[in-house]
Amino acid sequence: MRAWAVVENGKPLQEIELPTPEPTGTEVLLEVTHCGVCHSDLHIWDGYYDLGGGQKMSLVDRGVKLPLAMGHEIVGRVAKLGPDAKGVKVGDLRIVFPWLGCGTCATCLAEDDNMCAIATRALGVFQNGGYGSHVVAPHPRHLVDPGTLDPAIAATYACSGITVYSAIKKCMPLAPTQPIILIGAGGLGLNAIAVLRALKHQNIISVDVSEEKRQAALQAGATKVVDGNGDAQTVSARIIEAAGGPVPAIIDLVNGTATARFAFGALGKGGKLVQVGLFGGELTLPLPIMAMRALTVQGSYVGNPKELRELVKLAQDGELPALPVATVPQSQAYDALMRLKDGKVTGRLVLKAEAA
Ligand SMILES: [Zn+2]
Ligand SMILES: [Zn+2]
C-alpha cells in the first residue's frame, strides 16, 4: 500500500510504500476513497499538544509511532474481508469509525469504543489512517453505510460530526424551546447549530468574540448571538439576558479559561456545562455552589459508533445541511495540511484518492 506519511515530526509528509495489511478474523480491509483533513492532524504532525505555560504533551510519549499515515475522517471501499467478517461485501462504500479501543472489553463491546480504558487504537493516530491507500477496520460494526450521501461530506461525520453530536446528546433531554448555548462559532460551532436544527431544536444561542463569526452563526440558524468579549461576569450576564434566565445547557467548543468562567457563571439550577474544545487553561469551581445548584461539568471527546450511525441517519433523512467541503488529490495531502496550518481553509478539505 501507498501512504503519505509523517516520517519525521514537523517535516513534509513522504510518499512511502508499506506492506498492504492482510485482514484476519473479523477485520475488514478497505481501499480509502476519501479522508478529511482535521485540525488535530496538525498536532499529530507537530508531535505534541501545547498545554500552555510552556508545557507540551508529546504524542510519541503517548504511543504514536512513526512513520504514520494520519487521517481519521475516512471513507473507503471494502477490498477484502477477514474470514469472520460478516455483513459487508467487497465493493461496499463505508464510513470508518476511527476512535477504536481494545475491541474486547465490556466498554468496547457496548460500542463505547472511544471510552475504552485499556487501549487507544485510533486510526490515523495510533494506527495508519486515511492518508494511505488502504486502512483496516477491526470489525464490520465500525463501518457505517453512507447511502446516497456525498462521501466527501460523509467522511467528516467521523470526527467533526460526532464530536458535536455527542456533546449535544449529553445536554439532552431538553425541550425544543429551552435555550442551549454554544460557545465558539467556528467550524464546530456552525456544525453544532446545523445538528441542533436538524434535531428541531428551536432555541440556540451562539457566543463568539468575533462579530463576523456571530453573523455566520445567525446565518447558520442560531436564534440569538452574544458578544463573548469582556470579563466573565459581563459575558455571563449577557448570556442570561439573551436566554431569559440562567441556562440549562452550555457546550463550550473553545474551552479556555475565559470561556469556561463565563459559561459556568451562566448555568442555572441543574445546569450542565459540556467541555469540548482543547484551547486549554483552568477553571476554579466553587464547591458549595456545585452542590446547591446541582451543577454538572462534563467533558466530551469525539463520539461512539452508535452516535455516528444516528448522525448519518439524520443526514440521510435530509435534515442536515451539507457543510462546505473542497476535495484535494490524496497525493497532495501535505499541501492540504499546510493550507490548513496557514488558516487558508473555509469549511473542510477532504483528500480524494485518484481512483475514487
Ligand atoms: Zn478530527
Ligand atoms: Zn476496550
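Visitor: What spacing do the donors of the zinc ion (ligand 2) follow along the chain?

Guide: The spacing of these donors along the chain reads C-x2-C-x2-C-x7-C. The structure is a predicted model, in which local features need pLDDT of at least 70 and side-chain atom pairs pLDDT 80 or more, whereas totals for chains, interfaces and linings use all residues. Residues are numbered from 1 along each chain, chains are lettered from A and ligands numbered from 1 in the order written, and side-chain values use heavy atoms, without hydrogens and water.

Visitor: Which atoms are the protein donors of the zinc ion (ligand 2), and what makes them donors?

Guide: The SG atoms of Cys102, Cys105, Cys108 and Cys116 lie 2.3 to 2.4 Å from this zinc ion, and they count as donors because the limit for N, O and S atoms is within 2.8 Å of the metal (3.2 Å for Na, K and Ca). Of these residues, cysteine 102 and cysteine 105 are both buried, a word that stands for under 20% relative accessible area.

Visitor: Why is the arrangement around the zinc ion (ligand 2) called tetrahedral?

Guide: The angles subtended by its four donor atoms run from 104 to 115 degrees, and four donors count as tetrahedral if all angles lie between 85 and 135 degrees, so the arrangement around this ion is tetrahedral.

Visitor: Which residues coordinate the zinc ion (ligand 1)?

Guide: Cys38 through SG, His72 through NE2 and Cys159 through SG coordinate the zinc ion (ligand 1) at 2.0 to 2.2 Å, and the spacing of these donors along the chain is C-x33-H-x86-C. Cysteine 38 sits in the loop between strand S3 (28-36) and helix H1 (39-46), while histidine 72 sits in the loop between strand S5 (55-58) and strand S6 (73-81), so the pair ties together parts that are 34 residues apart in sequence. Helices (H or I, at least four residues) and strands (E, at least two) are DSSP runs, numbered from the N terminus.

Visitor: Are cysteine 38 and histidine 72 buried or exposed?

Guide: Cysteine 38 has a relative accessible area of 7% and is therefore buried; histidine 72, with a relative accessible area of 1%, is buried too.

Visitor: Which strands pair with S13?

Guide: Strand S10 (residues 180-183) pairs with S13 in the parallel sense over four bridges, where DSSP must find at least two bridges for a pair, and isoleucine 183 stands opposite aspartate 252 of S13. Strand S14 (residues 267-275) also pairs with S13 in the parallel sense, over five bridges, and leucine 273 in S14 is the bridge partner of isoleucine 250.

Notes
Four donors count as tetrahedral if all angles lie between 85 and 135 degrees; four count as square planar and six as octahedral if opposite donors are over 155 degrees apart and all others between 65 and 115; anything else is irregular. Buried means under 20% relative accessible area, exposed over 50%, partly exposed in between (1.4 Å probe, protein chains only).
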